[in-house]
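Student: I would like to go through the labels used for this structure. Please set each value against its cut-off.

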Amino acid sequence: MRSDYLFTSESVSEGHPDKVADQISDAIVDLFLSKDPEARIACETLTTTQLVVLAGEIRCKGVFENGQWAPGATEEIEATVRKTVREIGYEQDGFHWEKFEFINRLHGQSAHIAQGVDASDNKDEGAGDQGIMFGYATDETPDLMPATLYYSHKILERMAADRHSGAAPFLEPDAKSQVTLRYEGSLPVAATAVVVSTQHAAGYDEGDKEAELHAYVKRIVSEVIPPVLLRETEYHINPTGSFEIGGPDGDAGLTGRKIIVDTYGGAAPHGGGAFSGKDPTKVDRSAAYITRYLAKNIVAAGLATRCTIQLAYAIGVSKPLSLYVDTHETGTVGDDRIEAALLAMPKLGGLTPRAIRTHLGLNKPIYRQTAAYGHFGRKAVGDLFPWERLDLVEDLKAALG
């Protein structure tokens with residue numbers, strides 16, 4: 001591995017059009033799981049100027065059965081969508097939570113998919129799709145995340161908090177950030193570039209108001225990134241000039257188009273499957289969560305300073321096709337020993353889809369909060385972000401110590 005290099009990750013705010021779509025899709029997942037913990041959901045969202053469209057397949061007791069919506073169900077879906085957009089903060093001429101056209105094209109799940117996924121007398125619950133999923137952890141930050149992505153997320157989270165509180169009334173919901181760090185010996189030593197593009201109120205693209213916006217962004221960056229890393233930083237703040245038109249009015253949004261922002265900022269492989277809009281029988285989501293959980297606990301247990309894990313599944317098959325652990329030559333024990341220990345742990349249940357959902361408690365309405373500022377590196381509080389818990393550390397030490 002190179003000891004000196006530059007690396008960059010980006011983040012986007014909750015008001016980015018693709019993230020608006022992700023949050024709507026996950027709000028629908030939460031709605032259905034709150035009605036039926038065994039609900040099946042695959043909800044895609046399109047957002048554009050004064051329009052939101054839902055499409056996909058569902059199965060949910062008491063909401064959609066025998067090809068029919070329950071009384072009041074479609075109204076509750078629309079109310080959930082509008083509430084989500086309102087909470088993000090869109091009250092603009094081109095996209096307003098109360099005024100956009102809403103189209104619901106959700107329909108029943110295919111019976112052919114259901115027969116492969118559902119458990120029956122002679123088979124365990126199968127994976128909701130084929131695919132490969134990756135998890136990653138590194139000791140670069142306290143949350144065991146890549147530092148470039150960690151800082152990119154934190155900049156936008158701080159700006160969003162100030163926007164919601166009124167501390168920065170000139171900010172509008174849409175924003176992007178990007179952080180480039182110089183690494184020496186695998187640890188970051190300098191932030192060479194920071195990019196922040198934020199939608200703003202009228203007039204904040206020239207003169208004193210532009211200077212105020214730039215000064216605000218630099219202050220937020222200085223409070224997020226340690227000063228020792230900011231000695232040679234080049235800033236690019238709204239480099240195109242004006243950014244008044246944004247969100248779905250400025251660019252159409254779709255569910256699942258920010259999968260690198262959602263995961264590790266490019267520091268680890270990605271299997272290609274998006275998370276938002278999917279119930280936890282879809283291993284695109286649940287297996288990505290368990291691999292993060294495993295990698296994080298491995299690093300926290302002192303078994304490695306970096307760890308990448310891959311799982312693979314076939315649709316309708318419960319047993320994973322493969323488990324691969326790579327500690328990037330930082331491990332204190334062999335990667336093959338870690339693989340064997342994980343597969344042998346009773347509490348992990350062989351990493352079947354059902355075992356993953358049971359161990360992490362995924363059949364709950366916990367997903368709307370995952371849909372902005374990353375699914376990983378978050379705080380495990382109550383039922384939220386259970387894949388960030390460090391409750392496997394002692395088991396790993398006992399098995400591999």
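Predicted model: local features only at pLDDT ≥ 70, side-chain atom pairs only at ≥ 80, totals over all residues.

Student: What makes helix 9 and helix 11 oblique?

Tutor: Helix 9 (residues 335–344) packs on helix 11 (residues 393–400) at about 120 degrees, with the axes 10 Å apart. The perpendicular range ends at 115, and roughly antiparallel means over 145. The angle falls between those limits, and helix 9 and helix 11 are therefore oblique.

Student: What is known about the contact of helix 9 with helix 11?

Tutor: R337, I338, A341 and L342 of helix 9 meet L396, A399 and L400 of helix 11. The contact divides into six nonpolar, no polar and one charged residue. The crossing is right-handed.

Student: Why is helix 1 also called oblique to helix 2?

Tutor: The axes of helix 1 (residues 17–35) and helix 2 (residues 73–88) come within 9 Å and cross at roughly 135 degrees. Roughly antiparallel requires over 145. That angle therefore makes helix 1 oblique to helix 2. Helix 1 passes helix 2 in a right-handed crossing.

Student: Which residues of helix 1 and helix 2 make the contact?

Tutor: From helix 1 come V20, Q23, I24, A27, I28, L31, F32 and K35. From helix 2 come E76, I77, T80, V81, T84, V85 and I88. Their classes are 10 nonpolar, three polar and two charged.

Student: Now single residues. How do you know whether D262 is buried or exposed?

Tutor: D262, in helix 7 (residues 259–262), has 2% relative accessibility. Buried means under 20%. D262 therefore counts as buried.

Student: What does D262 touch, and what makes one of those pairs a polar contact?

Tutor: Beyond four places in sequence, D262 touches K19, D22, F275, G374, H375 and F376. The side chains of D262 and K19 come to 2.6 Å. A polar contact needs N or O atoms within 3.5 Å, so this pair qualifies.

Student: Why is Q109 called buried at 18% relative accessibility?

Tutor: The cut-off is under 20%. At 18%, Q109 therefore counts as buried. Q109 sits in the loop between strand 6 (101–108) and helix 3 (111–117). A polar contact of 3.4 Å joins its side chain to that of R59.

Student: Why does H328 get another label, partly exposed?

Tutor: H328 has 24% relative accessibility. Partly exposed covers the range between the 20% limit for buried and the 50% limit for exposed. H328 therefore counts as partly exposed. H328 lies in the loop between strand 13 (322–326) and helix 9. Its phi is positive, about 55 degrees, although H328 is not a glycine.

Student: Where else is there a positive phi without a glycine?

Tutor: Q50 has a phi of about 50 degrees and is not a glycine. Q50 is in the loop between strand 2 (40–48) and strand 3 (51–59).

Student: What makes T141 buried?

Tutor: T141 has 6% relative accessibility, under the 20% limit, and therefore counts as buried. T141 lies in the loop between strand 7 (131–138) and helix 4 (147–165). A polar atom of its side chain lies 3.0 Å from the backbone nitrogen of M145. Outside four places in sequence, T141 is in contact with P146, A147 and Y150.

Student: How do you know that I220 is buried?

Tutor: I220, in helix 5 (residues 207–224), has a relative accessible area of 0%. The limit is under 20%, so I220 is buried. I220 touches I155, R158, M159 and D162, leaving out residues up to four places away. I220 and R158 are 62 residues apart in sequence but 7.1 Å apart in space, C-alpha to C-alpha.

Key: Residues numbered from 1 in each chain as written. Heavy atoms only, no water. Helix = DSSP H or I, 4+ residues; strand = E, 2+ residues; numbered from the N terminus. Buried < 20%, exposed > 50% of the residue type's maximum accessible area, 1.4 Å probe, protein only. Polar contact = N/O pair within 3.5 Å; in protein donor to acceptor, adjacent residues only side chain to side chain. Contact = heavy atoms within 4.5 Å. Axes fitted to C-alpha atoms, helices over the stretch in contact; angles between N-to-C directions. Parallel < 35°, antiparallel > 145°, perpendicular 65-115°, else oblique. Left-handed = near helix turned anticlockwise from the far one by under 90°. Nonpolar A, V, L, I, M, F, W, Y, C, P; charged D, E, K, R; others polar.
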